[in-house]
Amino acid sequence: MFDGIQRRVVSLWFPRLASDRVLRRCPVDGPFVLTLNQKNANRIYCLNESATERGLHQSMAFGDARVFCPDLRSQIAEPERDQQFLHLLSRWATRYCPWVGLEGKDGLVMDITGSAHLFGGEDAMLAQMRRRLWRAGLSVRIGCADTRGAAWALAHFGEGIAPRDQSLAALKALPVAALRIDEKMSTALQRLGLRSIGDLAQAARAPLNRRFGPVLLQRLDQALGDLPEVISPQADPPHYAVRMTLPEPIGLLADVMTGTERLLNPLCSKLKTQEMGARQLRLTLRRVDQDQQQVELRLARPLRDATRILPLFARGLAEVDAGFGIDMLRLEATQVESLPAQQINHVSEGGADKLDDLISRLGTRIRLENIQRFLPADSHIPERSFIVAPAAYSAPASGWNSPQPRPICLFPPEPIAGTGATPPAHFRWRRMSLTSGRATGPERITPEWWLEDDNWRSGLRDYWRVETTQGRRLWLFYTPQNPGWFVQGEFA
């Protein structure tokens, strides 16, 4: 039933969103572009108005752009930061109406039904929007109509306000591309002589449906208001923070730990509801003299178990100066990661949990990045058969099996005196005179020709396991192409 309120929709299109975001902080006089690697070439992703006046356009090869414009300035585009900036703009737009949604990668859509009169009418509201965005250094095109499709078409191809209940009159002169259809369909329609929305609205619907499918007519009906189209506002991201104000100041470590425990329980419950885990926590302690102290906790794995997290705060809280007392505690999960629920079985995983807690405890003292582990790598070259990764940001991996034994201690090759293709009977290494006892080998390893490595320029290597009479078990290799003997490792 009609309730007497005509729906009105506003579409905001930011044609230079990416470049405007960058130039707001670092203004540049003259042509400026953002580049991105697309289709195996460095192409223009976004450009400012000065670059457009010089004949440049999006998707143009950057090398060709430099030929047309030698004084062109450029930066690498960051689409993720552009999307974050667009989300900030959507929050700003809620000052005009509560229903604000994203329109692609560079636009916003707003349902201003019933809110335009608060700003003096639609004309005054849109003028204020344009003025505020211009002051912020953003170029924008605005369309207002009864439907979402019509507002989008006006923002991209007309820019204006469509009168109420006159969507067809406002759109009939616009090209068919204004119906939010792809370029291929738009070209096919123009070849049939249907160049404008007015021509398309007067054409027979059955042949269009058979040739182009239901998408074309659906877009047309949405623009004219014959089919509804919802506007979904952006939901606020969950905020993982809790706080507690105390009636009386506290200063004992046991009291602060108890207060932290009371904050951890609701925080972990919220994390569990969202199937997230805390990777970094910040506990803020406010003293009665309004001074604040913070305790940072970085975890080796995402956690939402209060009983495991609480003991990790003990060391940091022990160093807090309570002064004349603490009257407020605030706990915030500053970094979270996905932690979906897992099926519980009879296999105990307590060992892995204890290892993660140990890494977290050590990380509070020497930083998590300094606790490292070895991981296997897919290479037959000894020094490339493993990688070193931070233990907190990697998982233990198997695959250490090797067809031949490898030494526990591996170091850069150290030359020794020797001739011939068999290990020398007597040699001197690290100021020690050694005598070969038993030698096992050779194991021939060829260099990886597709990688450049100065250490392997001498060619292939023949490795030997040599047990000396002095008790040393060494890993020697011989280079036939450039005769020489070297020691590269020592077995346990």
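Two strands count as paired if DSSP finds at least two bridges between them. Keep that in mind for the exercises below, which all work on a predicted model.

**Exercise 1. How many bridges join strand E1 to strand E7, and how do the two strands run?**

Step 1: Locate the strands; E1 covers residues 9-13 and E7 covers residues 141-145.
Step 2: Count the bridges between E1 and E7: there are five, and the strands run antiparallel. The cut-off for pairing is at least two bridges, so E1 and E7 pair.

**Exercise 2. In what order do the five strands of the open sheet come, and which helices lie across E7?**

Step 1: Reading across the sheet gives E5-E6-E1-E7-E8, with mixed pairing.
Step 2: Find the edges, which are E5 (99-102) and E8 (160-161), each pairing on one side only.
Step 3: Helix H5 (residues 122-135) lies across E1, E6, E7 and E8, at about 160 degrees to E7. H6 lies across E1, E5, E6, E7 and E8, and its angle to E7 is about 145 degrees.

**Exercise 3. Why is helix H1 described as largely enclosed by the rest of the structure?**

Step 1: Look at burial along residues 17-25: seven of the nine are buried, so H1 is largely enclosed.
Step 2: Name them: Leu 17, Ala 18, Ser 19, Asp 20, Arg 21, Val 22 and Leu 23.
Step 3: Ask what covers these buried residues; strands E2 (32-38), E3 (41-47) and E4 (73-76) are included, along with helix H4 (79-93).

**Exercise 4. Which residues touch the most other members of the largest nonpolar core?**

Step 1: From the 31 residues of this core, pick out Leu 281, Leu 283, Ile 309, Phe 313, Leu 317, Leu 329 and Leu 331.
Step 2: Trace where the core comes from. E9, H12, E10, E11, H13 and E12 each supply at least two residues, and H12 gives the largest share, seven residues.
Step 3: Zoom in on Leu 317, which, leaving aside neighbours within four places in sequence, contacts residues including Leu 253, Val 256, Met 257 and Leu 283.

Technical notes:
Residues are numbered from 1 along each chain as its sequence is written. This is a predicted model: local features need pLDDT of at least 70, side-chain atom pairs count only at pLDDT 80 or more; totals for chains, interfaces and linings use all residues. Side-chain values use heavy atoms; hydrogens and water are left out. Buried means under 20% relative accessible area, exposed over 50%, partly exposed in between (1.4 Å probe, protein chains only). Helices (H or I, at least four residues) and strands (E, at least two) are DSSP runs, numbered from the N terminus. Contact means heavy atoms within 4.5 Å. A nonpolar core is a set of buried Ala, Val, Leu, Ile, Met, Phe, Trp, Tyr and Cys residues joined through side-chain atoms within 4.5 Å. Axes are lines fitted to C-alpha atoms, for helices over the stretch in contact, and angles run from 0 to 180 degrees between N-to-C directions.
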